[in-house]
Amino acid sequence: MALDGIAVATPSVPNYGIDNDRLLARDSVLDALRRRWDGRYAVDEFGGDPHLQDFLLAPVVGRIPLRVEGGERLPRDGAALLVANRGPGFAEPLVLSGAVQREAGRRLRIVGLPTPPLLGVLTHKLGGVGRRAGDVAAVLRAGHLAAAPLAMTLSATGAGEAPRAVIAATLGFALLPVAVRPGGPVGLPVRPWVVSVGEPLAPPEGTEPGDPLAAAELAEQARTAIADMLRR
Amino acid sequence: MRVLVTGMGGHLGTKVAQLLETRDDVEAVAGFDFVPPRRRLSRSVFKRIDPRDRDRLIDFVRDFAPTAVAHFGVYEPAARMGVRASIEASEDCTVNALGAAVRAGALDRVVVRSGLEVYGRGAGRPEVPDEHAPLGPTSPYGRICLDVEAHAAGLARRHGIPVASLRFAPISGSRSPSPFGRLLRLPAVPVPALADPPFQLLHTDDAARAMVEALLRGADGAFNVVGPGAASPWQAVRLGNRIPVPFFGPGWLIATRIAELAGSPVPLHVLDLIRKGCAADGSRAEAELGLTDLVPTQEVVADLYAWASVTALPGAATAATARVVG
């Protein structure tokens, strides 16, 4: 599904879809500047600024060349945790944001982006959230779609350790393993990126929230699923 | 239910008394404070007692023999008194009122006012804490709230009484005095130069409603109560058509001094709020106290700026008509 094919909603009240992360129609540059100057834009408790995300980030990630497999598994509403591989740099989170935007018409909260002074303000406004497990759980309880990375690997097709603490804190929410890989040979981004969304994973029936053993098993399942998709 | 409202003279205490008066299942409402109630009360009994006057306070509470306590005797520094007076008044009010209520023998539930300040702000702390997050206040008001919670929790342990701690986001409203509200209404407002952290507020009426719901449901444990959404310093200042003046580092010492000279003292918890933000996960209160339609934070900010348009009625019409027996 292309970006142009998404039915974007028109905001009736200036809350900019905080409640469901739904991508909204963009203001013109003049209207956007006027809105910023007047302070008439939404902010959420995680520091996210949906107006800025739709105005600055959406056009950029919407232009990343990519192909999505299993995009129908991305939820159109409600909370879910995407666990994806990550190499050095920021390419994978941006590509993943682009895939979610195209397939589900939603914004994505990225877990664990760096937060140095000034840059940290911008990453939070554009959807970054802290790496603390409790904060990620709060993001999901608020109904957002969040992406947590596996441990970083130097190889563009490697699958590092899964974020166990985050998975433990978010047991009960849908967990989707996602593989992000450059489409070109030997990991070169000369062809469109490929984003593969795996089958949703769930802990065994009757698992208590925060169960560390169940979280460890789920983390291993997620890592294995991502590694399998990366090898295809 | 016989409800004792400590701190009944404040906007919150008065509002809670008004809400309780409308309920048939509330047999009697009584309260005390060092200032008289701010609004009209019909069947509440109010006694003007300084919370530090231990003997009078204990006699009043013992004679009333409450079955429930709505504890608003938690005084925010720079709202109506200085830091030291706030600490003393909050501690004395909590220890004396709750102790006397227990000794009266009929108490079966307690709800205390607390604040998100109990979590503290800064490096190493959760950005949006839930009720299980570690407590580590970084301001005198946070420590006041934590002490109140600790006293109440001790009471719950010893006597097996359910005690709810309502950790309110900073409470604001066009008619309620708050140091943060005063700061935002200055013509030029200090804001962080290198940050724009989100903060949440809670409308005065919603804080009162949360207290009543917690009382009626016999709630137990801690609850974060926050207005949905958030605002940020730069945005809030522009919403009010004020001038944002960026500061960083030691410049905040100058900013707070200037604000104080302009009539808006800035206690540490308000400085923390504007420099580091203040937010929390309020989903437990939504689910268990039924607080699903709270006023959004940005509307609370807008309400703050509506202050100037509030027209005060003549004194005689606004005088509280509560039966003052002290």
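The model is predicted.

**Chain A: overall make-up**

Chain A contains seven helices and seven strands. Read from the N terminus, these elements follow the order α-α-β-β-α-β-α-β-α-β-α-β-β-α. Chain A has 232 residues, and 48% of them count as buried. Among the contacts in chain A with a separation of 6 or more, 73% are between residues 24 or more positions apart.

**The sheet of chain A**

The seven strands form an open sheet with mixed pairing, in the order β1-β7-β6-β2-β5-β3-β4 (chain A). β1 (66-69) and β4 (128-129) of chain A stand at the edges; each has a single partner strand, so one side of each lacks a neighbour in the sheet.

Helix α7 (residues 212-231) of chain A lies across β2, β6 and β7 of chain A, and runs at about 30° to β6(A).

**A residue in β6(A)**

Val178(A) belongs to strand β6 (residues 174-181) of chain A. Why does Val178(A) count as buried? Val178(A) has 26 C-beta neighbours inside 10 Å, and the cut-off for a buried residue is 20 or more. Apart from neighbours within four places in sequence, the contacts of Val178(A) are Leu82(A), Val83(A), Ala84(A), Leu96(A), Val195(A), Ser196(A), Val197(A) and Gly198(A). Glu72(A) is 106 residues from Val178(A) along the chain, and their C-alpha atoms are separated by 13 Å.

**Contact between the chains**

The contact draws 20 residues from chain A and 23 residues from chain B. On the chain A side, α1 (29-38) and α5 (133-141) each supply at least two residues. α5(A) gives the most to this side, with four residues. By class, the side of chain A that touches chain B comprises ten nonpolar, four polar and six charged residues.

**Selected elements of chain B**

Strand β8 (residues 188-192) of chain B is mostly covered, with four of its five residues buried. β8(B) runs parallel to strand β11 (residues 243-247) of chain B, and five bridges join them. One of the residues of this pairing is Pro190(B), whose bridge partner in β11(B) is Val245(B).

| Strand pair | Bridges | Partner residues |
|---|---|---|
| β8(B) and β11(B) | five | Pro190(B) and Val245(B) |

Helix α11 (residues 297-305) of chain B has these buried residues: Thr297(B), Gln298(B), Val300(B), Val301(B), Asp303(B) and Leu304(B). They pack against β7 (171-172), α5 (179-184), β9 (202-203) and α7 (233-239) of chain B.

Helix α1 (residues 11-21) of chain B packs with helix α6 (residues 204-217) of chain B at an angle of about 55°, their axes being 9 Å apart. That angle makes α1(B) oblique to α6(B). Their crossing is right-handed. From α1(B), the contact uses His11(B), Leu12(B), Lys15(B), Val16(B), Leu19(B) and Leu20(B). From α6(B), the contributors are Thr204(B), Asp205(B), Ala207(B), Ala208(B), Arg209(B), Met211(B) and Val212(B). By class, this contact has eight nonpolar, two polar and three charged residues.

Technical notes:
Residues are numbered from 1 along each chain as its sequence is written. Chains are lettered from A and ligands numbered from 1 in the order in which they are written. This is a predicted model: local features need pLDDT of at least 70, side-chain atom pairs count only at pLDDT 80 or more; totals for chains, interfaces and linings use all residues. A residue is buried if 20 or more other C-beta atoms lie within 10 Å of its own, exposed if 12 or fewer, and partly exposed in between; C-beta atoms are placed from the backbone. Two residues are in contact if their C-beta atoms, placed from the backbone, lie within 7 Å. Ala, Val, Leu, Ile, Met, Phe, Trp, Tyr, Cys and Pro count as nonpolar, Asp, Glu, Lys and Arg as charged, and the others, Gly among them, as polar. Two strands pair if DSSP finds at least two bridges between them. Axes are lines fitted to C-alpha atoms, for helices over the stretch in contact, and angles run from 0 to 180 degrees between N-to-C directions. Angles under 35 degrees count as roughly parallel, over 145 as roughly antiparallel, 65 to 115 as roughly perpendicular and the rest as oblique. A crossing is left-handed if the near helix is turned anticlockwise from the far one by less than a right angle, and right-handed if clockwise.
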